[in-house]
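Subject: Structure handover

Hello,

I am passing on the structure below, followed by notes on what was found in it. Please read them with the model open.

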Amino acid sequence: MPRFSVIVPAYRVQAYLHECLESVLSQSFMDLELVAVDDCSPDACGEIIDEFAARDPRVRAVHLSGNQGLGAARNAGMARAGGEYLVFLDGDDTLTPDALWAIAARLKETGEPDVLVHGFARTDWTGRPVPDQVTAPLSQDGPAPFRLADRPELLRVLMVAWNKTYRRDFVRREGLAFPDGYYEDTPWTYPVLLAAESIATLDRVCVHYRQRRQGSILGTTTRRHFDVFTQYDRLFAFLDRRPELACWRPVLFRRMVDHLTTVFTRPGRLPRGCRAEFLRRARTYYRRYRCPGARLALRPRLRHALVRFGLHRTFRLLRLAMTLRRRTAKAAVTSLRALRAALLQAHYRLQLCLPLRADRAVFAAYWGRGHGCNPGALEAAFREFAPHIRTAWVARPGHHHATPAGTRPLTPGTAAYWTALARSKYLVNNVNFDRRLVKRRGQVFVQTQHGTPLKHMGLDLQERPAAGGGMDFADLLRGVDKWDYVLSANRHTTLTWERVYPGRYITLEYGYPRNDVFQRATSVDVAALRAALGVPDDVVAVLYAPTHRDYRRTQRPALDLERLARRLGPRFVVLARAHYFQDGPLTTARHGPVEDGPARDTPDGPAPGGRVIDVSAHPSVEALCLASDVLLTDYSSIMFDYANLDRPIVLLTDDREAYEAARGTYFDVRARPPGAVARTPDELVDILTGGHWRGSRSAQLRAAFRARFCPYDDGRAAERVVRHVVLGQSDEAAGLPPVVPLAERHPVPSRAAADRARSRLATVPPPAGPQTVTESH
């Protein structure tokens, strides 16, 4: 008997069915059967199901003789299912990677409950996933399993069949089945939760629910939406047969009224001319199933009153009034914003007429993000080496907490922000400031950049429409004309910047200030950073930091991190760092700090959850580099910075051809890499588990890479910039610090390297016999 029976009904979903079935069969938890039901679909769904059944014995193909609807197709799948637990998945939806593994682990952990409710994410027709907003009821805190009466807030979760897993014996014992018609989930999900003696939750996205642009049932205009009334007849008939559940009638009555008003108000569902009939029938159902309950808030009370009295015209007038109110409010807000913007620009123009303040400097990074990168290191250096300069940091309000003490936080778009831009002598950024910035005579703009260029940048993107299609290159050059200094970490960077950002600026080949910390950090710092991240001392921390993909519609990585962690085993932990262009983490699971001790056993091996830590929101990528033992990346410029630590680097270049075609690179990183190169995830696992990532060949490649790209990052780059730009020291004779040669730099070793060195020393046997000291001439 398989652990899971995944039931997939299919009707007119041929464009999505391949992806759906593959998401099931590619699960890391393989003890399953896939019951695919062809509901007499007129397209190729039946053929696709037969193809999958022919190649995988776990697939059971079911073909219905006529189109019977979603409910009947699910029932047909249940009749042929033999698994311990039932999982329903619509033919245009998908399971997320390792979803069944996580579900199986949670079922075992909670004592085999009747029902497990898990999370999902909506994906619109563009493919972009949006996690459900109602996740609080899925919290795994507190006792489990439980009954619905213990956590009634679970009814706030979307009442559908595919966000739950059901014990088959429980479904059979209760005689549960799907009805015909639209809204078939209503008389299924409510009885399931009410009758279950044990329920558990899993706070993890397990299903991607596709909301198609066209063709979905809820987006179809038809009288079949009247089926909702029959479904509630079935639901209340269930309650009549179960007197012990009578306490739930007020709750379900209120949810029925909410559901009916939703169907009535949503555009595109009810055909024109039958809306009044729908509301009159809703009034009948209101009176039929009305029962006393908790007091309602004002808006629900009004909605209930309109249904209760069948006030169709009043309902329409109220909706028109609310629409008019929203539009009026929106127009007022737009007008106020325009007036505010005009006043701020007038204020800015006035400030431009006032004298510059030679003791002021404004810093920013990454379009208003927190204190960090090269501008962050320079801001600290300003305070240390030019303490007479008062510094301010531009960041959105959510990042003000990261601004150091003694530095004034500025919110973009405020009067204080425009005043600072108009009157501060020094402007420092790793991108450009607001395009309306007027560069004044006497102002000094230091453009720090934010990495060594591997991928094409600036004017080179004119030939790369996938990456630079939305760029205004004339505006780009107007921004370049405001730069006075541009920072560079090596000759390759200097030559590239001066070609792709042509201007009259001066290039300062002083190294990148953000890398100074790599030469100054100590082993105590590394230990503290690992402890803060929850990384045990005895594991290898892999920092995974991929770059942005211009050719992808969504930025979900092809590398499955949970599966990678499981294959690497308990000796490794993965720190997953998403690119700053990406919203959300790199992994669908939510992971916390790693716990000490052995990994918990699960149905498919040791749990990787604690070995994948999402660090996308961490304020300092430099701190993450220090805490890690090895960098795993692809084409990200982080490899050039990480090389300053002289720690192993591994590249995964499985999509090089696609990346090269979309973005392009200045050299083939696989020909002159900083370490081992994997072309597939399997090769990556072999490199990491076999020790090649820190072998002698990797060390030789890294040494050549450091010599080429790290000549100036000796820990004093920020000091050199401040002394040159602010204090006027242009060479060593004037006081500029000389560059420390690579051979004389000693960056702090990683935790794994330090432990390995200690282990080698401990295994060296002492010399035999008496030890004497002699002089040699």
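The buried residues of helix H4 are Ala99, Leu100, Trp101, Ala102, Ile103, Ala104, Ala105, Arg106 and Leu107. That is 9 of the 11 residues in H4, so the helix is mostly covered, where buried means under 20% relative accessible area, exposed means over 50%, and partly exposed lies in between (1.4 Å probe, protein chains only). Helices (H or I, at least four residues) and strands (E, at least two) are DSSP runs, numbered from the N terminus.

Asp98 sits in the loop between strand E5 (94-95) and helix H4 (99-109), and its phi is near 65 degrees, a positive value in a residue other than glycine. Asp98 counts as buried because its relative accessibility is 1%. Just after H4, Gly111 takes a positive phi of about 80 degrees.

Before going further, some background. This is a predicted model, in which local features need pLDDT of at least 70 and side-chain atom pairs count only at pLDDT 80 or more, while totals for chains, interfaces and linings use all residues. Residues are numbered from 1 along each chain as its sequence is written, and side-chain values use heavy atoms, with hydrogens and water left out.

The confidence figures are as follows. pLDDT is the predictor's confidence in each residue, from 0 to 100. Its mean over the protein chain is 87, and 86% of the residues reach 70 or more. Over residues 588-609 the pLDDT is below 50, and this stretch has 49 contacts in the model beyond near neighbours in sequence; contact means heavy atoms within 4.5 Å. The pLDDT also stays under 50 over residues 766-777, and there the model has 0 contacts beyond four places in sequence. Where pLDDT is low, the predicted coordinates should not be read in detail.

For the chain as a whole, there are 26 helices and 24 strands. Of the 777 residues, 53% are buried. Among contacts with a separation of 6 or more, 75% are between residues 24 or more positions apart. The accessible surface comes to about 35600 Å², and carbon and sulfur atoms hold 52% of that area (Shrake-Rupley method with a 1.4 Å probe; for residues, only the protein chains shown count as cover).

Next, the loop between helix H5 (168-174) and helix H6 (186-195), which holds Tyr183. The phi of Tyr183 is near 60 degrees, again a positive value in a residue other than glycine, and Tyr183 counts as buried at 10% relative accessibility. Glu184 is found in the loop between H5 and H6 too. With a relative accessible area of 7%, Glu184 is buried. Leaving aside neighbours within four places in sequence, Glu184 is in contact with Leu70, Gly71, Arg74, Phe178, Pro179 and Gln231.

Another loop, between strand E7 (129-131) and strand E8 (164-167), contains Pro145. The peptide bond from Ala144 to Pro145 is cis, with omega near 0 degrees.

Helix H13 (residues 415-423) is mostly covered, with 7 of its 9 residues buried. They are Tyr417, Trp418, Thr419, Ala420, Leu421, Ala422 and Arg423.

Glu719 lies in helix H25 (residues 717-725) and is buried, with a relative accessible area of 5%. Glu719 and Leu378 are 341 residues apart in sequence, and their C-alpha atoms are 7.9 Å apart. Not counting residues up to four places away, Glu719 touches Phe385 and Pro737. Ala466 lies in helix H14 (residues 465-468) and is partly exposed, with a relative accessible area of 45%. Ala466 and Ala662 are 196 residues apart in sequence and 5.6 Å apart in space, C-alpha to C-alpha.

Last, the cavities. A search of the whole structure finds 3 cavities of 30 Å³ or more. A cavity is a set of points, on a 1 Å grid over the protein atoms alone, where a 1.4 Å probe fits but cannot get out; lining residues have an atom within 4 Å of a point. About 50 Å³ of space lies in the second largest cavity, the volume being the space filled by probe spheres set on the points. The lining of the second largest cavity consists of Leu454, Tyr635, Arg656, Tyr659, Glu660, Thr665, Phe667, Asp668 and Val669.

Regards

Methods. 1 Å grid on protein atoms, 1.4 Å probe; cavity = no way out; pocket = protein on both sides within 12 Å on 5 of 7 lines; lining within 4 Å.
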